[in-house]
Amino acid sequence: MRRTLLVILALVACSDPVRDGQLSALPGENPNIPVGEYHRAGQPCVLCHSPGGPASGSSFAVAGTIFADPSDAVGVDQATVAFTDTTGSQFTVTTDCVGNFFVPRPGSSAPGPTWDPQFPIFVRIFKNGVSRTMQGQIGRERSCANCHNDPQSTSPEIFSSVGHVSLYTSNPPPASTNCPVPPQVQP
Amino acid sequence: MKKIFGAVIAAAAVGALASIMSSTSACIDFNEPDGGVRATNILAPDQNDFVNVSPVFERRCGTLDCHGQVGRPLRIYSGLGLRLPNDAGNLPGTTATTPDEITTNYRSVIGLEPEEMTRVIAGEDPPRSLLILKKPLLLEAHKGGPAFAPSGDPGETCITTWIQGQADKNACNQAIAGF
């Protein structure tokens, strides 16, 4: 009995109700996309990929998804995401074929160079001469999708959503045809 | 018989308590000078001059991931961040900060610590005793880290001069350059 109580207390002590609530609000995994670099496009990556999260081993400093245009959730392949932090440190990363990108933290098991930015950070995305710069700074949020979530504000009740990140405003080029998974987020 | 007696005693106790509470609330006179709304009289910096200061809060504090969230204290509205509910179609990133949003930001800033703001305006405490400076300067724990440089940040100069009588417009403009 005493041991059971200790186990329960330990579980309760390790729980973060804020994170748990956010995790439970996420859509489930797409069964057609294996867990890996292509999964959960458009979702707040660092919710799991952070110390204390369920994917803490491969924690990210910043991560997100670049989509083609504001209306469709089709990922952009090989777009460059360029960051500058408050100390002037710069870091660039390239998206995969579903538009996902991630910046591993120091000590992370995720592949690629690591970066430990000092917030606020500034960001620009570009590909083949098309460039968009985020107008404001990122104050402390490491997942793009926590602010850039869908749907974009269109109703009187929502005045905080700016919609997903998109490189083109209209007429995007065709999506990647060499992607092992569909580059469009399935509803 | 015992049960009935106990129930009668309990009912009498509840009735007496309710009677005391109703008579107590009837006797309280809140002396509400504005006709029903309880208010704290405070000293505050100039509201008109805040138009020069609001952009500093908007750009340095009010991003959607920080104080541009409805769930946070010191809620800040801005053209690039959280919009005040409106029927004009003002959405994040579409139009400039509106006068109503600046007024609401002023109330957020003043209403954060009204008593301490009064002491600062009265000259009893320094501006750095206010959370709006202690937090970004990391003189007190701040989840968002240091939003201002420890010394000489034009953002601090802008806010401090506003509190002291007139905002230094050059400092306010410098504080948002690049943000």
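**Close-up views of a predicted two-chain model**

**View 1. Surroundings of Ala63(A) and the nonpolar cores.** Apart from residues within four places of it in sequence, Ala63(A) is in contact (C-beta atoms, placed from the backbone, within 7 Å) with Cys45(A), Val46(A), His49(A), Phe101(A), Phe102(A), Val103(A), Arg142(A) and Ser143(A). A second, separate core of 30 residues includes Val162(A) from chain A together with Val120(B), Leu130(B) and Ala175(B) from chain B. The largest nonpolar core has 33 residues, and Ala63(A) is listed with Phe60(A), Ile66(A), Phe67(A) and Val103(A) as having the most contacts inside it. Strand 1, strand 2, strand 4 and strand 5 of chain A each supply at least two residues of this core, and its largest share, four residues, comes from strand 1 of chain A. A nonpolar core here is a set of buried Ala, Val, Leu, Ile, Met, Phe, Trp, Tyr and Cys residues joined through C-beta atoms within 7 Å. A residue is called buried if 20 or more other C-beta atoms lie within 10 Å of its own, exposed if 12 or fewer, and partly exposed in between, with C-beta atoms placed from the backbone. Strands (E, at least two residues) and helices (H or I, at least four) are DSSP runs numbered from the N terminus.

This is a predicted model, in which local features need pLDDT of at least 70 and side-chain atom pairs count only at pLDDT 80 or more, while totals for chains, interfaces and linings use all residues. Residues are numbered from 1 along each chain as its sequence is written, and chains are lettered from A and ligands numbered from 1 in the order in which they are written.

**View 2. Ser50(A) in the loop between helix 2 and strand 1 of chain A****.** Helix 2 of chain A covers residues 17–25. Ser50(A) counts as buried because 21 other C-beta atoms lie within 10 Å. When neighbours within four places in sequence are set aside, the contacts of Ser50(A) are Ser56(A), Ser59(A) and Arg142(A). Pro104(A) stands 54 residues from Ser50(A) in sequence, and their C-alpha atoms are 9.8 Å apart in space.

View 3. Gln78(A) counts as exposed because it has 12 C-beta neighbours inside 10 Å, and Asn128(A) counts as exposed because it has 9.

**View 4. Helix 3 of chain B and the residues buried along it****.** Chain B has seven helices and zero strands, and helix 3 comprises the 14 residues 99–112. From its first C-alpha to its last, helix 3 of chain B reaches 20 Å, close to the 20 Å expected at 1.5 Å a residue, where the expected span is 1.5 Å times one less than the number of residues. Its buried residues are Glu101(B), Ile102(B), Asn105(B), Tyr106(B), Ser108(B) and Val109(B). Seen down the axis of helix 3 of chain B, these buried residues fall within an arc of 160° (taken over the directions from the helix axis to the C-beta atoms), so they line one face of the helix. They pack against helix 2 (50–60) and helix 5 (131–134) of chain B. Across chain B as a whole, 31% of the 179 residues count as buried.

**View 5. The side of chain A that touches chain B****.** In this pairing, 15 residues of chain A are in contact with 19 residues of chain B. On the chain A side, these residues divide into six nonpolar, seven polar and two charged, where Ala, Val, Leu, Ile, Met, Phe, Trp, Tyr, Cys and Pro count as nonpolar, Asp, Glu, Lys and Arg as charged, and the others, Gly among them, as polar. The model scores ipTM 0.72 and pTM 0.78.

**View 6. Segments with pLDDT under 50****.** The predictor's confidence in each residue, pLDDT, runs from 0 to 100. Chain A has a mean pLDDT of 88, with 88% of its residues at 70 or more, and chain B averages 84, with 78% of the residues scoring at least 70. Where pLDDT is low, the predicted coordinates should not be read in detail.

Conventions
Two residues are in contact if their C-beta atoms, placed from the backbone, lie within 7 Å.
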